[in-house]
Amino acid sequence: MVHTPVRSLPLVDLGYSTALLTDHYELTMLQAALRSGTAGRRAVFEVFARRLPAGRRYGVVAGVGRLLEMIEQFRFGERELEFLTSRGVVDESTAQWLAGYRFSGDIHGYPEGECYFPGSPILTVEAPFGEAVLLETLVLSVLNHDSAIASAASRMVNAAGGRPLIEMGSRRTHEAAGVAAARAAYVAGFATTSNLEAGRRYGIPTAGTSAHAFTLLHDSERHAFQSQLESLGEGTTLLVDTYDVERAVRTAVELAGPRLGAVRIDSGDLAVAAGRVRALLDSLGARDTRIVVTGDLDEHGIAALAAAPADAYGVGTALVTGSGAPTAALVYKMVARADSPDPDAPLRPVAKRSVGKPTRGGRKTAVRRLDAHGVACAEVVSTGELPAGPRDRLLPVPLVRGGEVVGREPLEAARERHAAALRELPATALQLSDGEPAIPTEFIDEIVFP
């Protein structure tokens, strides 16, 4: 494999406004609220999941860093305003308000890489209603996608048992989603990505060698291998299943010698093929040559290969589609508001009582409660003050204060945080079989509505 090193990068300039990455109804609500005089009322919105995807035992927060970048670039310029007014989405007075839009509120949330459970207050947005409501679609689109990918990736990393994973799903999703998916997978523990834009933008290590087309291009498999070795050196990875695997392995070792970096198997019974290839490589003296397996793998397929002599896995389709759960099902709901535009007006809790979709009112905070052995035993969520006990870990952190981003951090920090968060979960959290959330969510000081 060809690798590029991780390096820290500054804030990404997206080069465009993110203000229209939203739904029409956000603007109609804003316009009506401006007309009624309620747009300036302070409001608190909360992002949470009512439940985890079926059978999942934990979720992973991802996309926070991307979201902060996009909030900073949430501006209505001339092109955006011309579109909105020419289509009749907003009137002139609303357009004038949007021209000066700058998010001025506060955002707290679970830092990237943290685990979450049903009801966890993953993100809390506090600002005048007009400012906060416009962020709903952007917040949910980023967090729902990235958290779904990271949650699937985390299960795959755990199933791999320490063997490295390569993200290679760009060809199975939208081009922009491929970049975001590579980032989310890296947060969850993937070692590399095939996506070069993810490498450029986020400093993620990239890897890649050749596909079957490269072999088919040449007059023989031997010619193809020789060309790749001359270009990339003996440490490269040769794809050996275009024709006959055994013959390809023999040719690869003959040409590269015992220091051949790796061979890749992409089809057939991967466990059986890996065993046969390992035995053949060893018999040819290529004991250090690694075996990379790819081909429609998901976490269950990876777990089934635990006893096989595979050294690394490449995952594509299952990863970028959330391995059956392409959204984290997060929602963005108002949980408190003031009764007037006065910035000092007290907040009062509000909640939905919709059948099947109720919400809990009040601004919340949360701690991860640990037992005497340092193992998580509960997610404790409260609408009141919640001082952390000696074994409690406070979860939300400041992300935006007074409109200024304060929660920016290197991607490596999120990656390390996720590894640490997993270590404190009970062992049942890592099981791939269907089950309930690994720890219960306990709500205290809950406000009761008449």
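Predicted model: local features only at pLDDT ≥ 70, side-chain atom pairs only at ≥ 80, totals over all residues.

Residues are numbered from 1 along each chain as its sequence is written, and side-chain values use heavy atoms, leaving out hydrogens and water.

Colour 24-134 + 329-444 as domain 1 and 161-324 as domain 2; these bounds come from an automatic or database domain assignment. Their centres, taken over C-alpha atoms, are 38 Å apart.

Now show the interface: 14 residues of domain 1 contact 16 of domain 2 (heavy atoms within 4.5 Å). About 1200 Å² is buried there, 58% of it from carbon and sulfur atoms; that is accessible area (1.4 Å probe) lost by the two parts on being put together, summed over both. Pick L411, R415 and L432, which supply 50% of the area domain 1 buries against domain 2.

Next, zoom in on E112 and R183, whose side chains form a salt bridge at 2.6 Å, N to O (a side-chain nitrogen of Lys or Arg within 4 Å of a carboxyl oxygen of Asp or Glu).

Last stop: helix α4, residues 92-99, with T94, A95 and L98 buried (under 20% relative accessible area, 1.4 Å probe, protein chains only; exposed is over 50%). Helices here are DSSP runs (H or I, at least four residues), numbered from the N terminus. The buried residues of α4 pack against α1 (24-36) and α3 (78-86), while exposed E92 and Q96 sit on the face turned away from the buried side.

Key:
Helix = DSSP H or I, 4+ residues; strand = E, 2+ residues; numbered from the N terminus.
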